[in-house]
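Subject: Structure for your review

Hello,

Please find the sequence and structure below. My notes on what was found in it follow.

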Amino acid sequence: MVLLTKHAWVATVVAVVLVALLCTRMNLVDHVMTAAVRDQEREELLDYLEDRLQWMRERCDKIVIVAHSQGGFLAHQLMTRYGGRNQKNVIRLVGVGSGLKPIWILNQARQPFVSAVAWMLPMASACLAWGTSPLIEPSNSRIAAGMMQLMETAVLLVLPLSVQSPEVDAAVMQGTGESLKHVQSGLLLVGDMTWARWVAIAVSAMLTISCAAIVKFRIMPRMNAPFALPTLDSSTRLEWQEHSSQHDMVGRMLLPELPPDVEQEATPVLGHPLRDHTAYFDRQGLLTRRLAAELLGDVEAFTPKRLGGQKWMETVARYERALRKQHDRRRCFQAVLMLWVAVAVLVPRMARGATLVDAVIKGWFPLGVATVVLSAAFTWRGRRSHREMIGLLDAELRGEPQSVSPVRIVPPEFRTAAALPLAFGALLAFYGALWLRVIADMYPEWQVTAPGGPLIASVLLASLAAAVASGYRVKRRWLAGAALSAALPALTSVGPAGEGVPAWAAAPGGALAAVVLAAVVVAVISLSRARVVLLPEAVPGTVLVGRRPRSRP
């Protein structure tokens, strides 16, 4: 919005691109309107498809329809036409990234009740945002500042033992009391609300309740089994499958629900989340191999020849599960890393009095850069691993020797015990680095060196905690390197000399190094006891030796 309003050339370029797209076959808006609201054109399309289907029926005993995107909506309409008359000789309808749900929703938007809800909900949201703004804007900043001050109690864990004294403890407790006052003052702002804002909140509540009543009593009764196909013959039933990827915004909508057993498990796709919708039939995609396995099964069902369709389907299913688990692990890793970045960017701004919205607006650049970089890196890695897995799948289908399973995932029940100590160690290392920086400025005679070591350790431990929580098996030498970075100040710094105090206790950062080392040791023990799942599963009757399998006699 800022770019479009402050820079005329950006707005001009965007407008030219939009106009150019609207004048080409890439005009998706016009395509959607044709299927959703232009009834006459849609019926003409269905007449044409019905004529083509009749031509195939005269020449084929069994027909399989594969429909992509808006074709899925049209194919479903074709199968429901005239009580299911067009289902004759059709044994399977395969929707791929089908636009059935979104186009159906657009059709329902023409109903008066749905249109009323579509207008009432934004009005309710606007009234609620304006009415509660005094509760959100000032209180969030005060409460956030108070909560950040409460974290100062963690300083006692990273202070050198020789520095801890009743005066230091009293100072920390005084800061804690002030932070509690900030929290209280933030919660007592309800009295600053005007009557107009209370009215806006009441209007928002009434609009929301009205929308809920309309949805429950007027809209939901019409949504019962909206996609059920009519049955042409009781002896035969059309098999209907819907395939979509994890990120396909068109085919993976949650509502309305499809009939039971129609929506298949998410299909691993070679592409970016925004490209999934167009990458289903890539030459290195997995869906084409699954459809080929189903084709072999169909041929075997009507001929006495055995073509290995069942074995093909089982092999493809094993690699589908492996790619799906690998995808979930990779996206979880990306999400947790982005969570750490968001905390590092937003928390300091909120501690200085900014609200959450203000912190996001002011930190848009680092958040945007981190989002783009992480997305590009994980997408590149995902595409590479996808190609590698497809290569292994093709080699196994050809009967070539296989290497050991390339995917090793730690089950969820073994992740928490290792991830939590690493995350705790990352937080302590971060605050310890800040405190060492303060000590170096306040007491230069202590000769505090390498205060950035714990900061590097915090980044490493946070990344390793995200990897462990996502199911990766991290290497022990990485954990040892992070622990060594946290211990650098304690190993190289010189603390104050005190009577009866050993040198290791006086070294700045000694307690920090001990706590971080303990957290790393707990994580290493947990990872050593963790069981690893190998994917794809080994084929029964095959023994893996080194990097090559050996078949049993």
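In helix α4, residues R42, L46, E50, L53 and R57 are buried, where buried means under 20% relative accessible area with a 1.4 Å probe and protein chains only, exposed means over 50%, and partly exposed lies in between. Because these residues cover an arc of only 80° around the axis, they sit on the same side of α4; the arc is that of the directions from the helix axis to the C-beta atoms. Q40 and Y48, on the other side of α4, are exposed.

This is a predicted model, in which local features need pLDDT of at least 70 and side-chain atom pairs count only at pLDDT 80 or more, while totals for chains, interfaces and linings use all residues. Residues are numbered from 1 along each chain as its sequence is written, and side-chain values use heavy atoms, with hydrogens and water left out.

Helix α4 covers residues 39–57, which is 19 residues. From its first C-alpha to its last it reaches 26 Å, close to the 27 Å expected at 1.5 Å a residue; the expected span is 1.5 Å times one less than the number of residues. What do the buried residues of α4 pack against? Their partners are α3 (28–36), β1, α5 (70–80), β2 (90–96) and α6 (100–108).

**Strands**

The protein chain has 19 helices and seven strands, taken as DSSP runs numbered from the N terminus (helices H or I, at least four residues; strands E, at least two). Strands β1 and β2 pair in the parallel sense over six bridges, a pair being called when DSSP finds at least two bridges between the strands. In this pairing A67 stands opposite G95 in β2. From β1 the chain passes through α5 to β2, and this β-α-β crossover is right-handed: with the strands pointing away from the viewer, the path from the first strand over the helix to the second runs clockwise.

Strand β2 also runs parallel to β3 (residues 239–243), joined to it by five bridges. Here G95 stands opposite E242 in β3. Six of the seven residues of β2 are buried, so the strand is mostly covered.

E294 is in helix α11 (residues 287–302). With a relative accessible area of 9%, E294 is buried. Apart from neighbours within four places in sequence, E294 is in contact (heavy atoms within 4.5 Å) with R92, Q241 and M313.

S204 belongs to helix α10 (residues 195–219). Its relative accessibility is 4%, so S204 counts as buried.

**Whole chain and confidence**

Of the 553 residues in the protein chain, 39% are buried. Among contacts with a separation of 6 or more, 76% are between residues 24 or more positions apart.

The mean pLDDT of the chain (the predictor's confidence in each residue, from 0 to 100) is 80, and 81% of the residues reach 70 or more. Which elements have the lowest and the highest mean pLDDT? Strand β7 (residues 548–551) has the lowest, at 38, and strand β1 (residues 63–68) the highest, at 94. Over residues 157–163 the pLDDT is below 50, and this stretch has 24 contacts in the model beyond near neighbours in sequence. Residues 541–553 stay under 50 as well, with 21 contacts beyond four places in sequence.

Regards
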